[in-house]
Amino acid sequence: MAETKPAIKTPPNAVKFLFGGLAGMGATCFVQPLDLIKNRMQMAGQGGGAAPSFMATLTGVVRSEGPLAVYNGLSAGLLRQATYTTTRLGVYNTLFQHFSTDGQPPPFSYKVVIGLAAGATGAVVGTPAEVALIRMSSDGSLPAAERRGYTGVGNALTRIAKEEGVATLWRGCAPTVARAMVLNATQLASYSEAKQAIKRRTDMPDGVKLHFCASMISGLLTTLASMPVDIVKTRIQNMKVVNGVPEYKNGLDVLTKIVAKEGFFSLWKGFVPYYSRLGPHTVLTFIFLEQLNQAYQRFAV
């Protein structure tokens, strides 16, 4: 008699959402220093001066604030993953299953649209944590008298709502949504194509090595496409309002001022840490997600 294979235990949707958020949080613990350096580089040179390099920024942070300062804003980064990534993966999986027919996945064009919708929804939910993350990771670069001195993400969210109004928690929501849509659409298409191209041209088996290579190619293209929107988001979320007048009127005003004062290529300021973060974060997220799914298969009743 043929052996009957044990049925695969499929986690319920709520558990899938939970695993997605936990996987993103685990990856963030490793790449948070790169996120902080990227934010510092994007905030540098606002007066038109030359922006420091990646190594100069990293060295400056460690020298003036201590080695643990590279993890400033980690609590906000974890909250962002708990909100943004959980929502994004949850919406994506729900829509993916809805548009699948007879066990067959939806066509590629549907996947792109689903990715756009999931990214936009996740961005709206995750914007408050994003605002806190940008401010906490950039605080050390400000003059001592201008630092906000948030003690944690809870303190940051509470003070922002109390001192500047609840609506400020969603400041920069439009460019955050735009970035998430660009990032998800580019990442989805380029990762799939890169993975297929590598498999066609090499004998590389489907595993962590293939996922890493495809993620780094996808990360390069996604970085090029999303960085101009990302720097607009960063500047708006970190700006101060003096006598009721904000530094920037809108996203277009940010773009115009950056190009005029800092040069066109400043739109890709922080490229190295952004790219270095995006690829590994994707790989680590999928590795953690796979481990969580395997643990569920072993221990779920």
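Which helices each supply at least two residues of the lining of the largest cavity? Read on and point 5 will tell you.

1. First, some ground rules. This is a predicted model, where local features need pLDDT of at least 70 and side-chain atom pairs count only at pLDDT 80 or more, while totals for chains, interfaces and linings use all residues. Residues are numbered from 1 along each chain as its sequence is written, and side-chain values use heavy atoms, with hydrogens and water left out.

2. Now the overall layout. The chain has 9 helices and 2 strands (DSSP runs numbered from the N terminus: H or I of at least four residues for helices, E of at least two for strands). Reading from the N terminus, the order is α-α-α-α-α-α-α-β-β-α-α. The radius of gyration is 20 Å, close to the 19 Å that the globule rule gives for 301 residues, so the chain is as compact as a globular protein of that length. That radius is taken over C-alpha atoms, and the rule is 2.2 Å times the number of residues to the power 0.38. Along the principal axes, the C-alpha atoms fill a box of roughly 80 × 45 × 35 Å.

3. Look at H7 (residues 208-238) and H8 (residues 251-262): their axes come within 9 Å and cross at roughly 105 degrees. Axes are lines fitted to C-alpha atoms, for helices over the stretch in contact, and angles run from 0 to 180 degrees between N-to-C directions. H7 and H8 are therefore roughly perpendicular to each other (the label covers 65 to 115 degrees; under 35 is roughly parallel, over 145 roughly antiparallel, and the rest oblique). Pro228, Ile231, Val232, Arg235 and Ile236 of H7 make the contact with Gly251, Val254, Leu255, Ile258 and Glu262 of H8, where contact means heavy atoms within 4.5 Å. By class that is 7 nonpolar, 1 polar and 2 charged residues (Ala, Val, Leu, Ile, Met, Phe, Trp, Tyr, Cys and Pro count as nonpolar, Asp, Glu, Lys and Arg as charged, the others, Gly among them, as polar).

4. H7 also meets H4, with axes that come within 9 Å and cross at roughly 80 degrees. Here Thr127, Glu130, Val131, Ile134, Arg135 and Ser138 in H4 meet Lys233, Thr234, Gln237 and Asn238 in H7. This contact divides into 2 nonpolar, 5 polar and 3 charged residues.

5. Back to the opening question: the answer is H3, H4 and H6. The largest cavity has a volume of about 30 Å³, and Arg80, Tyr84, Ala123, Gly126, Glu130, Thr176, Arg179 and Ala180 line it. On a 1 Å grid over the protein atoms alone, a cavity is a set of points where a 1.4 Å probe fits but cannot get out, a pocket is an open set with protein on both sides within 12 Å along at least five of seven lines, and lining residues have an atom within 4 Å of a point. Grid points are joined across faces, edges and corners, and a volume is the space filled by probe spheres set on the points.

6. Finally, the largest pocket has a volume of about 1500 Å³. Of its 49 lining residues, Arg88, Leu89, Tyr92, Phe286 and Leu289 are the closest to its centre.
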